[in-house]
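Me: Hello! I am new to this structure and would like to go through it step by step. Could you help me read it?

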Amino acid sequence: MIRSLYVRIAVTFLVIVLVSISIAYFTANQLFRRDLQGQFGMEEMMITRLEKLYNGSSPRSLPAFLEQVSSLQEMSIVAVNKNGLVIQVGRTSRSIVNHLSWRALTSVFDGQTQRVDFADEHRTGPSSPPAYGRLAQFGNTEWAVFIAPDHVRQFKSFQRNTFTILITLLVVGCILILLAARYLVKPLKMMTAATIRIAKGDFSVQLPMSHRNELGELADSINQMAHSLSQLETMRRDFVSNVSHEIQSPLTSIGGFAEALRSEELTESDRNRYVGIIKQESSRLSRLSENLLKLASLDSEQHPYEPVAYRLDRQLQDVVLSSEPAWLARRLTVELLMEETVIKGDEDQLNQVWINLLTNSIKFTPEEGKISFQLSEEHGNAVVRIADSGSGIPEEERDRVFERFYKVDPSRDRTQGGSGLGLSIVKKIIDIHGGTIDIEDVEQGTVFVVRLPLQPEVQVG
């Protein structure tokens, strides 16, 4: 069984070349035969020319004259007179004589043209052309003259030349085919080696883009796949590292303070403070677990999605009111500028979006700062702008704030209980709803812009 693609390509090309050569040889042979057949009607005219030439030149000997003509014209000639004298010259003259019949001779002497079919025992290839005979006057004697073209040398020369050309074509074709097959298979071997490296976890593969064809497209796809897998592997490692860190930090605090509670020398106030820290870290672990489970559910595409039509402006007002204790405690001003807007979406999921964004703004807005909500309809989208007067997000980090566990200021975020998953959840929910979330470029603070598609003629149920 042939397993190598190189061998398969080479064998396939060789078979094609052999079949093509066979067809070419057969076609050329048939055309040559047809050309020979087209000359068979000239024998009768040739006999007339022989007769005129002989009578006009009066050579000494008829046999010598016929021998010379036979040699020059490459034909076989047989002449028979009424007395039974036979003159035969040419390669196939003996075969013509052997196939002459008394009836054929009588017909010729009666003035008719006679055809004589014969076979040359010494000839290979196509069958011998027939001989044509008619009555001719050489001097004072009437002869029955039979002429057959002698194309043996032409045919053999044709066969030899054709065979040489085809063999040369076969040899050169085989060499070129082997080289071409090697050229075609080499990039495939490189791609195979690259996929093996990728399968083993080496994502640094970079195939050269030397081909501008299907092979080049395949190489580009492999390069893109390796790059994507490298990014996924980096994200996986970062995710594992971040989860481990986020879990380890509160567990260390819980374990340390739990051990400290065993001391009998603790005052009641210290004991209560340690218990509060343990509860705070436990709550942090609980929130982290809930966020991880929510993200896993959203990623699985099996998270419940129950879209309904509802008033988005009312939902935003409810979220702001429910968070009133948090923003009043920091003496923040919250401004609402909204149009009456009806959208169709999962109300619970989008409620999580607004809570996370508002919580994030409250967390990073200094005391006595300002947060504003703006809702409008633009180009078939419901557009929500949530702006705060905080320190803002550096431009070079805006593309990464939606990554899981990414924190613009890790030290400050940890002191305020953040895990770096809130904006990741926001991005995932908005993607599920077919919307977008961006960060506008402003001089101070941060502005999150959420766009959700509106469906025409949606009414609240």
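Predicted model: local features only at pLDDT ≥ 70, side-chain atom pairs only at ≥ 80, totals over all residues.

Me: What kind of aromatic pair do Y54 and F138 form?

Reply: A pair of aromatic rings is described by the distance of the centres and the angle of the planes. For Y54 and F138 the ring centres are 5.2 Å apart and the planes stand at 75 degrees. Planes over 60 degrees apart count as edge-to-face, so the pair of Y54 and F138 is edge-to-face.

Me: How many residues apart in the chain are Y54 and F138?

Reply: Y54 sits in helix 2, while F138 belongs to strand 4 (residues 131-138). The pair therefore links distant parts of the chain, and the two residues are separated by 84 residues.

Me: How many aromatic pairs are there in the whole structure, and which residues form one aromatic cluster?

Reply: A search of the whole structure finds 3 aromatic pairs. One of them is Y54 with F65, edge-to-face, at 5.3 Å centre to centre and 65 degrees between the planes. Since Y54 lies in helix 2 (residues 43-57) and F65 in helix 3 (residues 62-73), this pair ties together parts that are 11 residues apart in sequence. The residues of the one cluster are Y54, F65 and F138.

Me: Now the sheet: which strands are at its edges?

Reply: The open sheet has 5 strands in the order 2-1-5-4-3, with antiparallel pairing. An edge strand pairs on one side only, and that holds for strand 2 (86-89) and strand 3 (114-116).

Me: How many bridges join strand 1 to strand 5?

Reply: Strand 1 covers residues 75-81 and strand 5 covers residues 141-149, and they run antiparallel. N81 stands opposite W143 in strand 5. The number of bridges joining strand 1 to strand 5 is 7.

Me: Which helix packs on the sheet, and what angle does its direction make with strand 5?

Reply: The helix is helix 5 (residues 102-109), which touches strand 1, strand 3, strand 4 and strand 5. Its direction and that of strand 5 make an angle of about 120 degrees.

Me: Why do the buried residues of helix 9 line one face?

Reply: The buried residues of helix 9 (residues 312-322) are L312, D313, Q315, L316, V319 and V320. Seen down the axis of helix 9, they line one face because they fall within an arc of 160 degrees.

Me: Which exposed residues does helix 9 carry on the face turned away from its buried side?

Reply: That face is turned away from the buried side of helix 9. The exposed residues there are L321 and S322.

Me: Which element gives the most to the largest nonpolar core?

Reply: This core has 34 residues, and those with the most contacts inside it are L312, W354 and L357. Elements giving two or more residues include helix 9, helix 11 (347-364) and helix 13 (422-432). With 6 residues, the one that gives the most is helix 11.

Me: How many residues are in the other core, which lies apart from it?

Reply: Its members include Y54, L62, F138 and V145. This other core has 18 residues.

Conventions:
Residues numbered from 1 in each chain as written. Heavy atoms only, no water. Phe/Tyr/Trp six-rings, centres within 6.5 Å; stacked < 30°, edge-to-face > 60°. Helix = DSSP H or I, 4+ residues; strand = E, 2+ residues; numbered from the N terminus. Buried < 20%, exposed > 50% of the residue type's maximum accessible area, 1.4 Å probe, protein only. Arc of directions from axis to C-beta. Pairing = 2+ DSSP bridges. Contact = heavy atoms within 4.5 Å. Axes fitted to C-alpha atoms, helices over the stretch in contact; angles between N-to-C directions. Core = buried A, V, L, I, M, F, W, Y, C linked by side-chain atoms within 4.5 Å.
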